[in-house]
Amino acid sequence: MPADPLLEAAGVAKTYGDGTVALGGVSLAVRPGETVALVGESGSGKTTLLRTFNAMVKPSAGEVRVEGKPVSGLDPIALRRRIGYVPQDGGLIPHWRISKNVELVPRLLGWERSRRQARSREMLSLVGLDSSTHANRYPAELSGGQRQRVAFARALAADPPLILLDEPFGALDALTRLELHRQFLDLKKSLGKTTVLVTHDLAEAFRLADRIGVMRGGRLLQLGTPDELAKSPADPYVEALLEMRRV
Amino acid sequence: MCKTAGLALVWVLGWAILATPLAAADRIVIGSKNFEESRLLAEMFAQLLEERTQLQVERRLGLAGTQVCFEALKNGAIDVYPEYTGTGLVSILNEKAAGPPAQTLNRVRSEFLSRWNLWWLAPLGFENSWEIAVPAELAEREHLETISDLARVSKRLHGGFGHEFVGREDGLLGLQKIYGLEFGSVDHLQQALQYQAAKERRIDALDVYSTDGRLILYNLKVLRDDRRFFPPYEAAALVRGETLKRHPEVGTVLGLLAGSLDEDTMRALNLRLQEGHESEAVVARDALRKLGLSKENGRTAQREIQGTGILAYLWGARRDLGRLTLQHLGLSAAALALGALFAIPLGLWLERQRRWAETVIRILGIFQTVPSLALLAFMIPFLGVGTLPAIAALWIYSLFPIVRNTYTGVRDADPKAVEAATALGMTPGQILREIRLPLAAPVVMAGLRTAAVLTVGTATLAAFIGAGGLGEPIVTGLQLANTAMILSGAIPAALLALLVDAGLGWVERKLRPAGLEGR
C-alpha cells in the first residue's frame with residue numbers, strides 16, 4: 001500500500017480569459033519523497049501546471065491538493081512559505097546579500113536571527129558554497145552556477161516538505177549543469193524531499209527523476225518511471241520523443 | 001535618512017504656509033502692470049500710503065498685463081493698481097471708445113461700481129494714449145500744433161508707423177477719414193526703429209504713446225488731437241470698494257495725487273526709467289518730493305546700483321538677490337514637495353491599476369505642453385496672484401516626470417526577483433516595500449530630479465504673477481531693457497538649476513541600492 005500522495009492534481013484545467021486553453025484537465029499524484037519530472041515543449045502546459053501547485057495560478061476547473069488539503073481552501077501566502085521554489089534564472093533579489101536571500105522564508109516565518117543565520121550557513125555549505133566567502137556578497141558578484149546554488153539553498157532553507165523546480169538548470173552551461181545535476185542527486189539522497197521538476201530536457205528528466213510525466217498541448221500523455229516510458233510508450237508523441245533521445 | 005527627509009518636508013511645508021500671505025486686516029497690496037509707467041505709479045501709491053497711513057504696504061509690481069491685474073483686483077489678491085480709463089472701456093468692458101475724457105471716465109466709473117464694486121479715483125491728470133508726433137524742429141518750421149495743422153502739409157511728408165497702427169480703424173485709417181490726413185508716402189516700422197528713423201529724419205511723423213520718455217530724448221513734439229479722434233486714456237487709481245470701506249484713508253491719501261501729473265512730467269519720469277536705468281523706487285520718491293507730498297526731505301536717493309560691470313552689479317544687488325534666491329528656492333521646493341507627495345502615491349496606485357496608467361500619464365503629459373505663462377494666467381481666477389497660484393502651476397508641471405518614473409520604475413523592477421519572492425510567500429505589501437520600492441528608488445529620484453530642474457527653471461515666470469523669485473529682476477530688466485538686471489536674475493537661476501541637478505544627482509546615486517553595480 002503506497003503512502004498517501006503529498007501532492008495531487010485532479011482534473012486540473014486552466015483556460016485564460018481570451019479563450020486560450022493552457023491545461024486541459026490533468027490528474028497526477030506525487031508520493032512523499034519522490035521526484036517527478038514534467039517534460040514537454042514550451043506551451044505544453046508544464047509550467048502552468050507547476051504554478052497551480054503553489055497557487056500562483058488558480059485552476060479554472062479541477063482541484064490541487066497538498067498533503068490532502070485542497071489548495072483553494074488554503075491561504076496562498078502561508079502555503080507558498082511551505083513550498084520551496086527555484087526558477088530558471090534563480091530569481092535572487094539583486095539588492096540583498098546572499099545570506100539575506102537564503103534567509104528569506106525563515107524570516108517570513110518569524111525565525112529568530114541566530115537560528116536563521118545558522119540555517120543560512122548550513123544551507124550554503126549543503127549546496128557547496130563557502131558561507132564565509134559568499135554570504136556577504138550580492139547576487140551580481142556570483143557566477144550563474146553559484147547563483148543557482150544559492151537559489152536551491154533559499155528554496156530549502158525553511159525545510160519545506162515540497163520543492164518546485166522550474167527549469168532550474170536551463171540557463172547553465174553544460175559543465176556547470178552536470179555538476180549541479182550531481183549535487184541535486186546527492187541532495188535527493190540525503191534530504192529525500194518531494195520534488196516536482198519542470199524541464200524540456202528529456203535526458204535531464206531521465207537522469208534526475210523517479211517518474212516522468214510527458215505533457216503536450218495542456219495534457220499529460222503519460223506518467224511513469226523512465227523504464228516504463230522506455231519500454232511501453234503510451235502515445236506516438238512519447239515514442240517519437242524517446243526516439244529523438246536515442247539518436 | 002528618513003528623519004532628515006521628514007524634517008526637510010516639514011520645513012518646506014512650513015515655508016509654503018508662511019509664504020502664503022494671510023489677509024491681514026491692516027495690509028494693503030498694490031499691483032501694477034509690466035511696463036515702466038504702471039510700475040512707477042504703483043510705487044508712488046505705495047510710498048504715499050506708507051508715509052501717510054499706518055497700513056502695511058505690499059507691492060506686487062509687474063503683473064503680466066491688464067487681464068492679470070484686473071482679475072487680481074476683482075478677487076482681492078491686490079487692493080489697488082493704476083489703470084487707464086480707455087483700457088477699462090475697451091479691454092475690460094469691451095465697448096467702443098468714444099467721446100471726451102469725462103464721458104469715458106463716467107462710463108467706466110458707473111459700470112465698474114455696479115458690476116464689481118471697483119472704484120475709479122480722480123484721474124491723476126495725464127493721458128497716455130495713442131498720439132501723432134513730429135520732430136520738434138519740423139513742428140516749429142511748419143507751425144504745427146495740432147493734427148489738423150499736420151493735415152495741411154502732410155502730402156509733402158513721409159510717415160513711419162507701426163504695423164498695427166497702419167491697419168486699424170482707430171489708427172491711420174480713421175485719421176485719414178477724420179482729418180483727411182494723407183502722407184506722401186508711408187513706411188511700416190517696428191516701434192523700436194521709429195524713434196531712430198525720426199531722429200535721422202527718414203520719417204516726418206510717427207505714432208507714439210503720449211507719455212513715452214523717448215519723446216524727450218529724440219526731441220519730438222506731440223500734436224494735439226483737436227478733433228478728439230483718439231480715445232482718452234486717463235490714468236487713475238482703481239481700488240476695491242471693500243478696501244475703501246475698511247480703510248477710507250486709502251481713498252483720501254491717493255486723492256492727493258488727483259490732477260497732479262501732466263504729460264510732460266510723466267515723460268521726464270518715464271525717461272529716467274527707460275533710459276537712465278534708475279529704479280522706480282528712486283524715481284517715485286523724487287516725483288513725490290517734487291509734488292511736496294513726501295515727508296522725507298533732503299534724504300538722498302536710496303540704494304542705487306551703478307556698477308561698471310555685471311559682477312559689480314551682482315555684488316551691489318547681493319542682498320536682494322539673496323532674498324530672491326531664497327524665495328525662488330522656497331517656491332520650487334514647495335511645489336516639488338507637494339508634487340512628490342501627490343505624484344509618488346499616484347504612480348504607485350497606477351502600478352496597481354494598470355489599465356488607468358496610460359490615460360492618466362498622458363493627461364499629465366498634456367498639462368506639460370501648456371505654455372507656462374498660460375498656465376500661470378489660468379490660475380489667477382481661482383487662486384489670485386502671488387505665491388499660491390505660482391506654487392499650484394509649478395506643482396502641475398512637476399507631476400508628469402514624477403508619476404511616470406514612479407510608475408515605470410516600480411512596474412519594471414526586476415520581474416524575476418518579484419516573481420520568485422511571490423512564489424516564496426512574500427505578501428504584495430512586503431514586495432512593494434522590500435523589493436519594488438528600493439529597486440525603483442533611483443528611477444523615482446531621476447523623475448524628481450527632472451521635475452526639480454524644470455520647476456527651478458519655470459519658477460522664473462512666477463514673477464509675472466507677483467510671486468517674486470529670481471524672475472523678478474529678469475522681468476523688470478526686460479521692461480527696462482537693462483541687461484545687467486536681467487543677468488542678475490538669469491545667472492543665479494541657471495546656477496540654482498545646475499546646483500539642484502547636481503545635488504539630486506548625488507542623492508540619486510546614494511539611493512541606488514547596493515548590489516546593482518555593473519548590472
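In the predicted model, helix α14(B) passes helix α15(B) in a right-handed crossing. Helix α14 spans residues 263–274 of chain B, and helix α15 spans residues 280–290 of chain B. Their axes come within 10 Å and cross at roughly 160°. Angles over 145 degrees count as roughly antiparallel, so α14(B) is roughly antiparallel to α15(B). On the α14(B) side, the meeting residues are B:L269, B:R272 and B:L273. They face B:E280, B:V283 and B:A287 of α15(B). By class, this contact holds four nonpolar residues and two charged ones, with no polar residue.

The crossing of α18(B) and α20(B) is left-handed. From α18(B), the contact draws on B:A357, B:I361, B:L364, B:G365, B:F367 and B:Q368. From α20(B), the contributors are B:I396, B:Y397, B:L399, B:F400, B:V403, B:R404 and B:Y407. By class, the contact of α18(B) with α20(B) comprises ten nonpolar, two polar and one charged residues. An α-helix has 3.6 residues a turn, so residues three or four places apart point the same way.

Helix α4 of chain B, residues 85–92, is largely enclosed by the rest of the structure, because six of its eight residues are buried. The buried positions are B:T85, B:G86, B:T87, B:G88, B:L89 and B:I92. These residues pack against two helices of chain B, α3 (65–74) and α5 (101–116). They also pack against two strands of chain B, β3 (80–84) and β10 (235–240). After α4(B) comes B:N94, which has a positive phi, near 55°.

In soluble globular proteins, nonpolar side chains tend to be buried together. The largest nonpolar core in the model contains 184 residues. Within this core, B:F45 and B:I465 touch the most other members. Beyond its neighbours within four places in sequence, B:F45 is in contact with B:I30, B:V80, B:A237 and B:L254. Another core, of 27 residues, lies apart from the largest one. Its members include B:I132, B:L181, B:I203 and B:Y218.

Chain A has 247 residues, and 45% of them are buried. Its secondary structure comes to eleven helices and ten strands. Contacts in chain A between residues at least 6 apart in sequence were also examined by separation. Of these, 69% join residues at least 24 apart.

Between the chains, 21 residues of chain B are in contact with 19 residues of chain A. Two elements give two or more residues to the chain B side: α21 (415–423) and α22 (428–458) of chain B. The largest share of that side comes from α21(B), with seven residues. By class, the side of chain B that touches chain A has twelve nonpolar, five polar and four charged residues.

How values were computed:
Residues numbered from 1 in each chain as written. Chains lettered and ligands numbered in written order. Predicted model: local features only at pLDDT ≥ 70, side-chain atom pairs only at ≥ 80, totals over all residues. Buried ≥ 20, exposed ≤ 12 C-beta atoms within 10 Å, placed from the backbone. Helix = DSSP H or I, 4+ residues; strand = E, 2+ residues; numbered from the N terminus. Contact = placed C-beta atoms within 7 Å. Core = buried A, V, L, I, M, F, W, Y, C linked by C-beta atoms within 7 Å. Nonpolar A, V, L, I, M, F, W, Y, C, P; charged D, E, K, R; others polar. Axes fitted to C-alpha atoms, helices over the stretch in contact; angles between N-to-C directions. Parallel < 35°, antiparallel > 145°, perpendicular 65-115°, else oblique. Left-handed = near helix turned anticlockwise from the far one by under 90°.
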